[in-house]
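Have a look at the sequence and the model below, then read on.

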Amino acid sequence: MLSRVHEHTAAELLTILSARQLSDGQTVFAGVGIPLLAATLAQRLRCPGLTILFEGGVIGAFIEPGKLPPSTNDQRCTKRANMVLGSAEVLLLLQRGYVDVGFMGGAQIDQYGNLNSSFIGDPAHPKTRLPGTGGGNDIASLAQMIVAMKHEKRRFVERVDFITSPGSWRAARAGAPAAFWLGACSASSPISPCSDLIRTTSACR
Amino acid sequence: MPETKAAPRVVPTYLELRKELLRRDRSLRAKVVSLEEAASFVRDGDSVGIGGSTMSRTPMGMIWALIRAGRKGLTCSRSIVSSDGDLLLASGACDRIVTSWFSQGILWGVSKVMRHHVETGKAKFDEWSHMAMGMRFRAGAMGVPFLPIRSMLGSDVRKQRPEPVEIDCPFTGEKILLVPALNPDVALIHVQRCDAYGNAQIDGLQFMDIDLAIAANKVILTTERIVSNDQIRRAPDQTKIPFFAVDAVVELPFGCAPHECYGINEPMIRHMEYYVGLVNKEPVTGMQHYLDKFVYGPKSWSDFLALIGMDELLEAARAGQSIYDA
C-alpha cells in the first residue's frame, strides 16, 4: 500500500506507528479499523507470535491481505484462527486477565485517557448520538490500552463530553481493575504498566 | 433494601420465569411454519432478542416479516446492532434498542437513521458494554436475576443506566457491578441448519445466540436448510440449541441477506452501500423509499432476493463458501 515516500495517508502512518508498539508473544485484543490493521501488520513484519483476539469470538486471528473484514464480527476474522468461541467467552477472557494489550480507536479522547464514542454535546440533548461503546468499555476497564487516533483538535479535547471508556486513573478511582496498572506494576509487563499509551499522528510531524 | 425501586420490573421473579416456561409446549414435535405464521408469534410491545452480531447471521428475513406484519412498540436487544436497527426504528416496529453499539457498520461512520430517531427522542437507545450485554443474556439463560461484572465501573455508560447495581463484593470488598438478567419475550435466531423439531446447528461465530435462545421465553428459528433428525444425530456435537427451547422453525435460504451468514454468504456489500448511501443522505425520505421498495414491495422473500440481484447473491455466496478453502 505504501509504495512511495511522502505519498501516504495519515491512517497508513498511524497504522505503522501503532504496529511498532506491539511485541512478539503478546496477546492483543484489537478493535476494528486501524487497530486491526496495525495488529495484522505487526504480525506479518516482526511479531509472528502475536495472538490477536476479536470480540466477535476469535482467538489467534490471521487476517488475509486484501480480505480485511468489515467488522470484528465477520467470518473473515476466523480464517486460520486457533479458536472460535462465543462473544461473551472472549470478553470473559479479557476479564480473567489473559489479554496483554487492548488496542482501540475512538471519536474523542482527553488528557486522562478517557474515551468518548457515545455522545457529542450534552447526553440529554446530544448534538450527535454516536454508535456507542461496543467492547471499548470492557477493553479499557480490563486491560492496558493503546489508543490510535488521528490528532485533531475536535478529537483531542481537555475533557471528553461523555466517558464511554474510562482511562486508568478514572477507572482506578471507581474501583475498576485498571487500578492494577496504577498500583502494582508488573515487572514482566512488555509495555510501561503505569501509563496507557496514546498514539496519534502528531508524533511524526 | 436501598436499590429496590427498579428491581421488580427490570427482572422477573424466578416463579414468573418458570411459569412462562411451563406455558410452552416443549414436546418433541414438528414446528415448521411459514415466515408469515412465524411473525404471529411476536406480539406488539414484546421484548425481542435478536441473534447474530453487526452484519453477521442477522435474522433479517424474520425482521423483514415482522415489519411487514405491522408490529409496533417492540424493544429489541442485540449484542451489536447494524442496519437491522435502522429498519426496525424507521418502520415504527421498534421504539427502543438495547445494545452495545448501533450503526450500520464501521465502514460507513454513524447511521443517520439511528441519529434521527434517537436525537429527536422518537426512540431510545440504551447503551451497555458488550460484555454487559453478554452477561445479561447469560444470567437470563442461567435462571439467575443478575451477574457481576468488572467493566462499566467509573464510566458515564454506567451512570446513564438506572438498572445495574454497584456493590462491595461480600468476599473481597472490591467494587463490582451487578447487571440484571435479560429474558426476552421472544428470540429471533438464524442458523445454517436445524431439524423440524428445532435442534439447531450453528457454524462459525456463535456470538451470544446460545444464551439468548435459552434465556428467551419463546424462540423463532429461521434456517438456511431444514435437515432430518438423523442428520442432526450424526453430529450432535454441532448442535448448539436444543429443540425444547424452540417454538417455531422457518426454512429461509439466504435468510440473513443482505447481511452475512457464515459459510453461506458474505455481506452483499454493493446492496449495503446502495442502502447506506440512500438512508444516510435522507434518513426519512430515503428510508421510506427503501422500505417501500425492498420491504413492503416484494411479494415474498425470494422476490426480495431477486431485487438484490442474482449477480450480487452469487458473488456473496461464493465469498461465503470460500471460508472452507484451505
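## Helix H4 of chain B

Met60(B), Gly61(B), Met62(B), Ile63(B), Trp64(B), Ala65(B), Leu66(B) and Ile67(B) are the buried residues in H4(B); buried here means 20 or more other C-beta atoms within 10 Å of a residue's own, with C-beta atoms placed from the backbone. Helices (H or I, at least four residues) and strands (E, at least two) are DSSP runs, numbered from the N terminus.

Those buried residues pack against several elements of chain B, among them helix H3 (35–39), strand S8 (186–194) and helix H13 (301–308). After H4(B) comes Gly70(B), with a positive phi near 75 degrees.

## Reading the model

This is a predicted model, where local features need pLDDT of at least 70 and side-chain atom pairs count only at pLDDT 80 or more, while totals for chains, interfaces and linings use all residues. Residues are numbered from 1 along each chain as its sequence is written, and chains are lettered from A and ligands numbered from 1 in the order in which they are written.

## Helix H6 of chain B

H6(B), residues 112–119, is mostly covered too, with 7 of its 8 residues buried. Among them are Lys112(B), Arg115(B) and His116(B). The cover includes strand S9 (128–129) of chain A, along with H5, strand S4 (124–127), helix H11 (269–281) and H12 of chain B. Just past H6(B), Gly121(B) has a positive phi of about 80 degrees.

## Confidence in chain A

Chain A has a mean pLDDT of 83, and 79% of its residues reach 70 or more; pLDDT is the predictor's confidence in each residue, from 0 to 100. Over residues 179–195 of chain A, though, the pLDDT is below 50.

Terms used:
Buried ≥ 20, exposed ≤ 12 C-beta atoms within 10 Å, placed from the backbone. Contact = placed C-beta atoms within 7 Å.
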